[in-house]
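User: Could you walk me through this model, beginning with the ligand?

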Amino acid sequence: MLDVRGLTKSYRTRAGSLTVLRDVSFTVERSTLAAVIGPSGSGKTTLLNVIATIDRADAGQIWLDATPLHCLVEPELEIVRRRDVGIVFQDFGLLPALTAAENVEMALLMEDASRRSRRARALEALDAVGLADHANRFPHELSGGQKQRVGIARALVKKPRLVLADEPTANLDSQNALALLTLMQRLTREAGIAFLVATHDSRLLEAADRRFTLCDGRLTP
Ligand SMILES: Nc1ncnc2c1ncn2[C@@H]1O[C@H](COP(=O)(O)OP(=O)(O)O)[C@@H](O)[C@H]1O
Ligand SMILES: [Mg+2]
């Protein structure tokens, strides 16, 4: 599903070049929840951004099944981002003026689908995360855990192959974090997707099928 080979990435800073990823390689199969663990500053967000094609690596390959993401340029990249990759944000990333269902529908706006079918798919995704009866609530009417479940519904509504989540439980209390983990685990299996979660949350480790530790830009076994 996801095959990352030899990723290397440096940032140019005023103090010189800062190498954040050094020859990072790993694979994640479908129906697998994988966690990238590492302390703050270890390169987790950089790794996710590079895989999401939001940022470019200096070297290395990223294969999403048979698609070489490292070879693509716009507008092909835009198509992959829209169709194949879902993203879950630490701060939920919901638009405050839109209801839960409308937030989920946003992920489908670029698709050539009718309003009615967008709404139906959004409601189905909200149902999958246990929020069918909260579809018409606004973000400020939802708890943190519920907001993040809307975030997951929005990432999954396109039925992507890969979902990337950067510290999705960072703003949740233990109980909500645990509930979210169980949910991510179940959806990973049901949807047959690969889920890659960056975290320094030890609670996430228990739930993960695979664990990768980033330290000084390298994956340690
Ligand atoms: N745009 C950038 N320019 C320069 N340095 C950056 C940039 N983004 C991140 N860094 C540096 O790269 C390192 C890794 O950052 P990051 O990927 O955010 O790690 P993590 O998500 O594990 O906390 C840190 O030292 C950070 O300061
Ligand atoms: Mg980070």
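**Ligand 1 and its surroundings**

Analyst: A nitrogen atom of ligand 1 is 3.5 Å from an N or O atom in the side chain of Tyr-11. This is a predicted model, in which local features need pLDDT of at least 70 and side-chain atom pairs count only at pLDDT 80 or more, while totals for chains, interfaces and linings use all residues. Residues are numbered from 1 along each chain as written, chains are lettered from A and ligands numbered from 1 in the order in which they are written, and side-chain values use heavy atoms, leaving out hydrogens and water.

User: How much of ligand 1 does the protein bury?

Analyst: Taken alone ligand 1 exposes 560 Å², of which the protein buries 60% (accessible areas by the Shrake-Rupley method with a 1.4 Å probe).

User: Switching topic, is Val-104 buried or exposed?

Analyst: Val-104 counts as buried because its relative accessibility is 0%, where buried means under 20% relative accessible area, exposed over 50% and partly exposed in between, with a 1.4 Å probe and protein chains only.

User: What does Val-104 touch?

Analyst: Not counting residues up to four places away in sequence, Val-104 touches Ala-122, Ala-125, Leu-126, Val-150, Ala-153, Arg-154 and Val-157, contact meaning heavy atoms within 4.5 Å. The C-alpha atoms of Val-104 and Val-157 are separated by 7.1 Å, although these residues are 53 residues apart along the chain.

Terms used: A polar contact is a pair of N or O atoms within 3.5 Å; within protein, one must be able to donate a hydrogen and the other to accept it, and residues adjacent in sequence count only if both atoms are side-chain atoms.
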